[in-house]
Amino acid sequence: MSKNVVNNREGYAYPDQNIMNLFCGIVGDSNVLLDENDMQSFLSEPRNLYKAKAACVIKPSSVLEISNILKIANDNNIAIVPQGGNTGLVGGQVPYDKGNEVILSLSRLNKLRAIDISTNSITIEAGMTLDKVQKLADENDRLFPLSLGSEGSCQIGGNLATNAGGTAVIEYGNTRELTLGLEVVLADGKILNGLKSLRKDNTGYDLKNIFIGSEGTLGIITAATMKLFPKPKNIISTFVSLSNLNAAVDLLNFLREETMNKITSFELMPKIGIELVQKHKPNINIPLKDLNDWSALIEFSSNSTLDSARDDLENTLFKAINENYITDCIIAESISQSMDFWRIRHFIVEVQAYEGGSIKHDISIPIAKIPQFINEANNIAESVYPSSRPIPFGHIGDGNIHYNITQPINENTDKFMEKWHDMSSKVHDLVVKLNGSISAEHGIGRMKRDELYERSDSTKNYIMKNIKNALDARGILNPGKVL
Ligand SMILES: Cc1cc2nc3c(=O)[nH]c(=O)nc-3n(C[C@H](O)[C@H](O)[C@H](O)COP(=O)(O)OP(=O)(O)OC[C@H]3O[C@@H](n4cnc5c(N)ncnc54)[C@H](O)[C@@H]3O)c2cc1C
C-alpha cells in the first residue's frame, strides 16, 4: 500500500531549554506545561485510541502571542499540534508518541470580539466553547444553530478546523456554511485578517474555505465571524416509530412537501440503540411503547403561533400514519419533554461504551441509498465478525450515518477491536460503491489519513499537497494529520 508521507515526523527538533525559555517569555511560565501530570488531559482523546506524548503544552491568550510562538517554531523546525476542546474523534488534536511535538492549546483565547445584530453576525475568538457562542447569541435574541453532543467542551476553532456538522445541518448547513470570515495565523507567524461580516465578497480566492476543515494543518484559526439567525418563535419535537427503514427516507421527503414548519433535525435511531439506553440509563423515559426496528427524532421550527405549528404538525403526522410511513408518534408537550427525547438520541453514543468495544464509522451516503447501505453494511458486519451488533444512527436528514458496530455480548473486547481495519475497509468500500464519503463530519486526523490518500483522486492529492507546501513549507503544523 502506498503511504502518504508529506512530513517526516522523526525529523522535527525537540525544543531545548533556550526555546522553552523563549516560549515562557511569550506566555509566562505558568502557561507552559512541562510536567507529564499537568499535560495528561491534553494527551488522551475521547476514545482512548491513540497514545500521545508532548514536549510541552503552551497556552497563549492573544493572537500576537500565537504569531510569536509560530515564528520560533518555524525557524527551529518544531512541530505544533493545535488543540481546542479535545473532543475530536479522529486523533487530529493529539501528537504522536515521540514526545517532540508542542501542543498549542487555544482555550485561553476565548473572548467575544463583537456582536452585530443588524448584520446578524458574531465575532469570537477560537477558544470559546460552542455552548458559550450559542448562549451569547440567545442573550441577544438570535440563534447560532451549530449544535453537537460535545458542545459543552468543543471550541469554535475546533468546529471550524473540522468543519463540524451536528444536528441542524439539514436546515442551516455545517460550520463552513455558517462562516463569514476568519483570522488565521500562518506557520511562519503571518496573520491573515479576514474577519469580515459580508455576505458577498468576490475579491479573489475565498481563503477562509481553505482553512475550514483543514484540521490544524494549514494555519491556526484564532477568531471567526459567524452568521446568526433570527430565533424561531417555536421549536417542536416529535418522536416517531417508523414502519420500516425505507420509510425513514420517504417520511423525510413527505414532511418536506407537507409541513409548513421547517425541519431543523431528522435523527434516525435503531431499536437496539434505544434498548441499550433503556438498559444503562433506566431513569430515561422512552416515550413510545412497542417500538419498531427504527425510530426518528424530528425537530421543527416555526414562526407561526405554537397552536398553529402544532396543528400543522399533528395533521401532517396523521397523514404520515395513513401513508404507512410511521405507526406511532408523540409530540413533545414541553421543552423538558423535548430535551428528554434528545437525551435518548445523545445517550446512544455513551451506552455503547458500556457494552464493550465498538468499531465506528462516520460516513455519508446519498440519502435515497441509506437503507441499501445499512442493509448491505449489516451483512458485512456479520460476515467479518458474526454476532457483532450494528447500531447505525445519526443525522439522516443530511445523509450522515454513524455506522457503529458493537462487539458481540460476552466477547473479548481486544479480539473484536483487532478487526477494526478489516471491518472498516469493507464498510468504506461499500460507501465508495454507493458514491458516499468515508468522513462526513469528524474529519480525517490520524485515523483516516492513509485511507484518504489511497481512496482520493490523484489530482486531489496533488492539489492538497501543493496547498500544504505553499502555506507550511517546513511542515510544522500538525504533521502526520490529514496528509
Ligand atoms: C460526544 C461527542 C459528540 C460529537 N458529535 C459531533 C457531531 O454531531 N458532529 C461533528 O461534526 N462532530 C462531533 N463530534 C466531534 C468533535 O466534537 C468535533 O469534531 C469538534 O468540532 C471538535 O472541536 P474541538 O474544539 O474539541 O477540537 P479538537 O478536538 O481539539 O481538535 C480537532 C481538530 O481541529 C484542530 N484544531 C482545533 N482548534 C484549532 C484551531 N483553533 N486552529 C486550527 N486547528 C485547530 C486540531 O488540531 C484537530 O485536528 C463529537 C464528539 C463527541 C465527543
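**Figure 1. Strands β2 and β4 run parallel in a predicted model of the protein chain.**

**Figure 2. Strand β3 pairs with β4 in the parallel sense.** The two strands are linked over 4 bridges, and Ile-80 stands opposite Val-102 in β4. In a regular strand, side chains alternate between the two faces of the sheet. In β3, Ile-80 and Pro-82 point one way, whereas Val-81 and Gln-83 point the other way. Are these residues of β3 buried or exposed? All of them are buried.

**Figure 3. Val-102 and Ile-80 in the largest nonpolar core.** This core holds 119 residues, and Ile-80 and Val-102 are the ones that touch the most other members. Which residues does Val-102 touch, if those up to four places away in sequence are not counted? Its contacts are Pro-15, Ala-54, Ala-55, Cys-56, Ile-58, Ala-73, Ile-78, Ala-79, Ile-80 and Val-81. Another core, of 9 residues, lies apart from the largest one; Ile-444, Met-464, Val-482 and Leu-483 are among its residues.

**Figure 4. Val-482 in the segment after helix α16.** Helix α16 comprises residues 458-471, and Val-482 is found in the segment that comes after it. Val-482 has a positive phi of about 65°, although it is not a glycine. Val-482 counts as buried because 24 C-beta neighbours lie inside 10 Å, and the cut-off for a buried residue is 20 or more.

**Figure 5. Asp-141 in the loop between α4 and β7.** The loop that holds Asp-141 lies between helix α4 (130-139) and strand β7 (142-143). Asp-141 is not a glycine, yet it has a positive phi of about 60°. Why does Asp-141 count as exposed? Asp-141 has 10 other C-beta atoms within 10 Å, and a residue is exposed if that number is 12 or fewer.

**Figure 6. The hairpin of strands β5 and β6.** Strand β5 (residues 112-116) and strand β6 (residues 121-125) pair in the antiparallel sense over 4 bridges. Leu-112 stands opposite Ile-124 in β6. The hairpin has 4 residues between its strands, and Asn-120 takes a positive phi near 50°.

**Figure 7. The hairpin of strands β8 and β9, with Leu-192.** Strand β8 (residues 179-185) pairs with β9 in the antiparallel sense over 4 bridges. Between the strands of the hairpin there are 5 residues, and Gly-189 takes a positive phi near 100°. The bridge partner of Leu-182 in β9 is Gly-194. Leu-192 lies in β9, which covers residues 191-194. Leu-192 and Leu-182 are 10 residues apart in sequence, and their C-alpha atoms are 8.0 Å apart in space. Leu-192 touches Glu-183, Val-184, Leu-186 and Leu-207, not counting residues up to four places away in sequence. Leu-192 counts as partly exposed because 17 C-beta neighbours lie inside 10 Å, a number between the cut-offs of 12 or fewer for exposed and 20 or more for buried.

**Figure 8. The contact of domain 3 with domain 4.** The protein chain is divided into domain 1 (9-106 + 461-471), domain 2 (112-230), domain 3 (234-353) and domain 4 (358-442). The centres of domain 3 and domain 4, taken over C-alpha atoms, are separated by 23 Å. The contact takes 16 residues from domain 3 and 16 residues from domain 4. On the side of domain 3 that touches domain 4, at least two residues each are supplied by α8 (246-258), β13 (262-270), α9 (271-280) and α11 (335-353). Which element gives the most to this side of domain 3? Strand β13 does, with 7 residues. By class, this side of domain 3 has 11 nonpolar, 4 polar and 1 charged residues.

How values were computed. Residues are numbered from 1 along each chain as its sequence is written. This is a predicted model: local features need pLDDT of at least 70, side-chain atom pairs count only at pLDDT 80 or more; totals for chains, interfaces and linings use all residues. Two residues are in contact if their C-beta atoms, placed from the backbone, lie within 7 Å. Two strands pair if DSSP finds at least two bridges between them. A nonpolar core is a set of buried Ala, Val, Leu, Ile, Met, Phe, Trp, Tyr and Cys residues joined through C-beta atoms within 7 Å. Domain bounds come from an automatic or database domain assignment. Ala, Val, Leu, Ile, Met, Phe, Trp, Tyr, Cys and Pro count as nonpolar, Asp, Glu, Lys and Arg as charged, and the others, Gly among them, as polar.
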